[in-house]
Amino acid sequence: MQKIITIAEAQKLSSPNPFALLTTRKPDGTTNIMALSWWTYLSNHPAAIGICLSNKGYSGTCIKANPFFSLSLPGIKLQNSAFQCGTCSGRQRDKVKELSIPLSQHPDFPVPYVTGSRIAFSCEMCSAYLVHDHTFYLCDVKQILGDDTILALFAQHGYAKLDIVSTEIPS
Ligand SMILES: Cc1cc2nc3c(=O)[nH]c(=O)nc-3n(C[C@H](O)[C@H](O)[C@H](O)COP(=O)(O)O)c2cc1C
């Protein structure tokens with residue numbers, strides 16, 4: 001029997017949900033990183049994606065100050081540390097260093113991506129829309145790196161843990 005449920009319960013029922021790590025540039029030039037499930041493709045030609053960030057977090061502040069960012073879909077090796085990126089803010093600390101997140105830099109783009117990711121999007125934020133307690137950012141995709149040997153992580157039981165999706169078949 002269907003019953004009325006909350007948005008949090010709906011997010012649990014809709015999982016596995018997508019998962020990515022968002023890297024942005026801090027004002028001091030170092031890199032901030034956060035866990036992010038609320039991203040989506042928006043357009044193919046030109047390629048655009050959308051990301052939705054809580055107004056409480058630090059990554060939104062970073063993106064508004066510097067619109068370039070990377071969105072990486074990390075593999076199983078980062079299962080624990082990638083989750084930790086979603087449990088504390090980079091406002092006062094260096095999560096990249098503390099969690100030993102490996103970063104790589106593409107020569108054509110100013111913000112590093114997470115090494116060993118299935119996909120890494122290099123993006124530029126174009127416009128921001130306040131949506132109650134979150135802000136939705138419309139972003140142009142400048143470049144995409146891919147590695148089909150890496151299995152992507154998905155958020156499970158809502159956003160309680162990360163794991164690969166068991167039906168995913170390595171190519
Ligand atoms: C699996 C998972 C998914 C998350 N997805 C999002 C998301 O889509 N948007 C968001 O604003 N926060 C999301 N979070 C929470 C942020 O990652 C968390 O608030 C983080 O501390 C923000 O870091 P910052 O202050 O350095 O930006 C998620 C957390 C986890 C564990």
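**View 1. Strands E2 and E4 each contribute at least two residues to the shell around the ligand.** The view is taken from a predicted model. In total, 21 residues surround the ligand, and the closest are Trp38, Ser59, Gly86, Ser89 and Gly90. Strand E2 provides the largest share of the shell, namely four residues. Sorted by class, the shell consists of 12 nonpolar residues, eight polar residues and one charged residue.

**View 2. Seven strands form an open sheet with antiparallel pairing.** The order of the strands across the sheet is E2-E1-E5-E8-E9-E4-E3. Strand E2 (31-36) and strand E3 (39-43) are the edge strands, each of which pairs on one side only. From one strand to the next, the twist averages 35°.

**View 3. Strand E4 pairs with strand E9 in the antiparallel sense.** Strand E4 covers residues 48-54, and strand E9 covers residues 134-146. Seven bridges link E4 and E9. Within this pairing, Leu53 stands opposite Thr135 of E9.

**View 4. Strand E1 is largely enclosed by the rest of the structure.** Which residues of E1 point one way, and which point the other way? Ala20, Leu22 and Thr24 point one way, whereas Leu21, Thr23 and Arg25 point the other way. How many of the six residues of strand E1 (residues 20-25) are buried? Six of the six are buried, and therefore E1 is largely enclosed by the rest of the structure. A residue counts as buried here if 20 or more other C-beta atoms lie within 10 Å of its own.

**View 5. Strand E1 pairs with E2 and with E5.** Six bridges join E1 and E2, which pair in the antiparallel sense. In this pairing, Thr24 has Asn32 of E2 as its bridge partner. The two strands E1 and E2 form a hairpin, with five residues between them. Gly29, in the turn of this hairpin, has a positive phi of about 90°. Strand E1 also runs antiparallel to strand E5 (residues 68-74), to which four bridges join it. Here Leu22 stands opposite Leu71 in E5.

View 6. As background, most peptide bonds are trans. Pro16 is placed in the loop between helix H1 (7-13) and E1. Pro46 lies in the loop between E3 and E4.

**View 7. Ser100 and His157 have a positive phi although neither is a glycine.** Most residues other than glycine have a negative phi. For Ser100, phi is about 50°. Ser100 is located in the loop between helix H4 (95-98) and strand E6 (103-104). Is Ser100 buried or exposed? Ser100 is exposed, because 8 other C-beta atoms lie within 10 Å, and a residue with 12 or fewer is classed as exposed. For His157, phi is about 55°. His157 occupies the loop between strand E10 (154-156) and strand E11 (161-163). With 13 other C-beta atoms within 10 Å, His157 is partly exposed.

Conventions:
Residues numbered from 1 in each chain as written. Predicted model: local features only at pLDDT ≥ 70, side-chain atom pairs only at ≥ 80, totals over all residues. Pairing = 2+ DSSP bridges. Axes fitted to C-alpha atoms, helices over the stretch in contact; angles between N-to-C directions. Near = placed C-beta within 6 Å. Nonpolar A, V, L, I, M, F, W, Y, C, P; charged D, E, K, R; others polar.
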